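Please consult the sequence and structure shown below alongside the notes.

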Amino acid sequence: MTQRSVILGTGSYLPEKILTNHDLTKLVETTEEWIFTRTGINQRHIAAKGELTSHLAIKAAENAIAAANIDKATIDLVIVATTTPDIPFPSVATKVQAGLGLKQGAALDVQAVCAGFVYAMATADSMLKNGLATTALVIGADTLSRIVDWSDRGTCILFGDGAGAVILQSQQSDRGILSSHLSSDGTTGDLLYAAPTIHMQGKEVFKNAVLHMTGSSREALARAKLQATDINWVIPHQANQRILEATVDKMEVSKDRLISTVANHGNTSAASIPLALDVAARDKRLKPGQNLLITAIGGGLAWGSCVIRW
Ligand code: COA
């Protein structure tokens with residue numbers, strides 16, 4: 001057994017309002033069929049007026065704490081991956097701390113856009129391994145609907161809002177985070193940026209997504225001394241069904257090992273992986289001892305992967 005950061009529970013939260021492909025046909029020149037065939041997305045959730053990233057994050061956190069069955073007073077680290085904080089400061093993480101009634105430990109935000117949750121998991125894992133904390137609440141939460149240009153049909157069809165959370169605890173265990181890999185290349189920043197709304201070169205982002213999620217997954221697997229065939233489930237950043245399938249194809253992993261929630265959630269940025277993880281944990285697809293691969297890419301470009309034993 002090794003000192004590892006073990007996932008004790010997961011939780012998520014989606015805003016009530018659903019925006020369907022049909023709804024989008026009333027906003028921009030598009031069709032339901034175009035959106036579904038190019039992206040695999042059917043619907044996405046949109047935060048209500050006044051419903052902020054921290055509100056979604058707190059609800060996801062409460063669900064994760066309940067699933068982990070821990071005393072929340074044991075949480076001594078809160079990391080929130082987000083690109084859409086309520087305000088520039090204080091951080092969403094400190095708002096989550098306050099919302100949960102926590103006064104101990106450290107809280108910080110991580111900003112790596114759609115790769116944010118993987119960056120937050122790797123950061124939490126390093127801090128737990130270094131003894132800076134023992135129990136971490138790691139959240140991915142975003143309200144990208146607030147920075148979408150709702151007149152740009154090339155981007156507004158993709159994004160949605162939501163939050164997902166996990167409780168990570170440092171334990172002597174065979175389970176937990178086995179390895180991580182992080183990378184970024186700032187020279188590709190103009191492919192996907194927000195100033196102040198989202199701008200994207202869709203085809204280039206698509207190619208880079210498949211290339212880097214595959215490369216990073218291979219690096220993380222090598223660090224865990226595992227092969228692609230040892231992976232039971234791949235949970236990529238839920239960007240577009242075609243990107244997800246191209247990524248597992250390139251890794252020579254069967255599509256029935258792919259966990260996809262993109263049809264129902266759209267691209268929820270840093271929230272997408274923990275949302276999908278929570279769905280698969282709750283429907284019992286994930287079984288103790290199975291190997292999971294999470295991999296993501298986002299603006300920066302920044303990308304990364306973690307191998308986790310469930
Ligand atoms: N409805 C109808 N037509 C649309 C449209 C829409 N919503 N959006 C774009 N089009 C049109 C374009 O104007 C273009 O028309 P033209 O040929 O007359 O110029 C045509 O459809 C093809 O557009 P293109 O951008 O080449 O389509 P695509 O096959 O690359 O699909 C994306 C577009 C956005 C779905 C795709 O590029 C993609 O998913 N990229 C990755 C995006 C992503 O995941 N980003 C986040 C990563 S974290």
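Which residues in H6 meet which residues in H7? In this predicted model, Phe206, Ala209, Val210, Leu211, Met213, Thr214 and Arg218 in H6 meet Arg242, Ile243, Ala246, Thr247 and Lys250 in H7. By class, this contact of H6 with H7 comprises seven nonpolar, two polar and three charged residues.

**Packing of H6 and H7**

- Two packed helices are described by the angle between their axes and the distance between the axes.
- Helix H6 spans residues 202-223 and helix H7 spans residues 241-250; their axes come within 9 Å and cross at roughly 40°.
- H6 and H7 are therefore oblique to each other, and their crossing is right-handed.

**Packing of H3 and H4**

- The axes of helix H3 (residues 53-68) and H4 are 9 Å apart, and the two helices pack at an angle of about 55°.
- This angle makes H3 oblique to H4, and H3 passes H4 in a right-handed crossing.
- On the H3 side the contact is made by Thr53, Ser54, Ala57, Ile58, Ala61, Glu62 and Ile65, and on the H4 side by Val92, Lys95, Val96, Gly99 and Leu100.
- The residues of the contact of H3 with H4 divide into seven nonpolar, three polar and two charged.

**Ligand surroundings**

- The ligand is surrounded by 21 residues, of which Thr30, Arg38, Arg153, Lys203 and Asn240 are the closest.
- An N or O atom in the side chain of arginine 38 lies 2.7 Å from an oxygen atom of the ligand.
- For arginine 153, the distance from a side-chain N or O atom to an oxygen atom of the ligand is 3.0 Å.
- Glycine 202 places a polar backbone atom 3.0 Å from a nitrogen atom of the ligand.

**Backbone exceptions**

- Most residues other than glycine have a negative phi, and most peptide bonds are trans.
- Phenylalanine 89 and proline 90 are joined by a cis peptide bond with omega of about 5°; proline 90 lies in the loop between strand E4 (77-81) and helix H4 (92-100).
- A cis peptide bond also joins glycine 300 and leucine 301, with omega of about -15°; leucine 301 is in the loop between strand E12 (291-298) and strand E13 (302-309).
- Glutamate 252, although not a glycine, has a positive phi of about 60°; glutamate 252 is found in the loop between H7 and helix H8 (262-265).

Conventions. Residues numbered from 1 in each chain as written. Predicted model: local features only at pLDDT ≥ 70, side-chain atom pairs only at ≥ 80, totals over all residues. Heavy atoms only, no water. Axes fitted to C-alpha atoms, helices over the stretch in contact; angles between N-to-C directions. Helix = DSSP H or I, 4+ residues; strand = E, 2+ residues; numbered from the N terminus. Parallel < 35°, antiparallel > 145°, perpendicular 65-115°, else oblique. Left-handed = near helix turned anticlockwise from the far one by under 90°. Contact = heavy atoms within 4.5 Å. Nonpolar A, V, L, I, M, F, W, Y, C, P; charged D, E, K, R; others polar. Near = heavy atom within 4 Å. Polar contact = N/O pair within 3.5 Å; in protein donor to acceptor, adjacent residues only side chain to side chain.
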